[in-house]
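Subject: Structure for your files

Hello,

Please find the structure below. My notes on it follow.

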Amino acid sequence: MKVRKYLPKLKLADYYMGRDREYHHELTPELRANARETLRRVNRLLKRAGLARKISSGWRPAAVNATVPGAAKGSKHISCLAIDLEDRDGALDAWCITHLDVLEAVGLWLEHPAATPDWCHLQIQPPRSGNRVFEP
Ligand SMILES: [Zn+2]
C-alpha cells in the first residue's frame, strides 16, 4: 500500500491575509473567482510535488502592493492571479523547473527562481513573453 503524506490545502483566508476586511470594497466577485482559481491550481501542483508550503504573499490590494519593496506596479497579486509560497530551501522552485510539463498541465507560470531567492512566485496568467518560466 502506498502511504500518502497528508498535505494541508491552501485556503482562501490565508490567501487574503486578512485584507478582505480592510479592503472589502476592492475584493470584487471577479477577484474572488481569480483567487479561487489560483488556489485550485496551486493546490494541484503542491499535491503533485508532494510538498507542503505556506503562503508568504497572496492578495495585495493596490495600496498594499505599493508598499512592497520591489513589487511590480501592475503585479498580478493585485488581481488575485498570483501567489508567493515560502520556499527557503528552494525545493519547490527546483521541482517546478524539472516539471514544466506539470506546470503547463495545471496552468501555471513561474517567475525565474533567480529572482525569488526565499519564495516561489506562481501565476495563473501567462506573462507578456508567454514563457513558462519568466524573468520579472
Ligand atoms: Zn509574487
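In what order do the elements of the chain run from the N terminus on? The order is α-α-α-β-α-β-α-α-β-β-β, which comes to six helices and five strands. Helices here are DSSP runs of H or I with at least four residues, strands are runs of E with at least two, and both are numbered from the N terminus.

Two remarks on provenance. This is a predicted model, in which local features need pLDDT of at least 70 and side-chain atom pairs count only at pLDDT 80 or more, while totals for chains, interfaces and linings use all residues. Residues are numbered from 1 along each chain as its sequence is written.

Overall dimensions

The C-alpha trace of the chain spans about 50 × 35 × 25 Å along its principal axes. The radius of gyration of the chain is 14 Å, which agrees with the value near 14 Å for a compact globule of 136 residues. That radius is taken over C-alpha atoms, and the globule rule is 2.2 Å times the number of residues to the power 0.38.

The sheet

The five strands form an open sheet with mixed pairing, in the order β1-β2-β4-β3-β5. Two strands pair if DSSP finds at least two bridges between them. At the edges are β1 (55-57) and β5 (133-134), each of which pairs on one side only.

- β1 and β2 are antiparallel, with two bridges; Ile 55 stands opposite Leu 85 in β2.
- β2 and β4 are also antiparallel, joined by five bridges; Glu 86 has Trp 119 in β4 as its bridge partner.
- β3 (residues 109-111) and β5 pair in the parallel sense over two bridges; Glu 111 has Phe 134 in β5 as its bridge partner.

Helix α5 (residues 91-98) packs on this sheet and touches β2 (82-86), β3, β4 (119-123) and β5. The direction of α5 makes about 45 degrees with that of β4. Axes are lines fitted to C-alpha atoms, for helices over the stretch in contact, and angles run from 0 to 180 degrees between N-to-C directions.

Burial and contacts

Four of the five residues of β2 are buried. For the chain, 27% of the 136 residues count as buried, meaning that 20 or more other C-beta atoms, placed from the backbone, lie within 10 Å of the residue's own. Among contacts between residues at least 6 apart in sequence, 68% join residues at least 24 apart. A contact requires C-beta atoms, placed from the backbone, within 7 Å.

Regards

Technical notes:
Two residues are in contact if their C-beta atoms, placed from the backbone, lie within 7 Å. A residue is buried if 20 or more other C-beta atoms lie within 10 Å of its own, exposed if 12 or fewer, and partly exposed in between; C-beta atoms are placed from the backbone.
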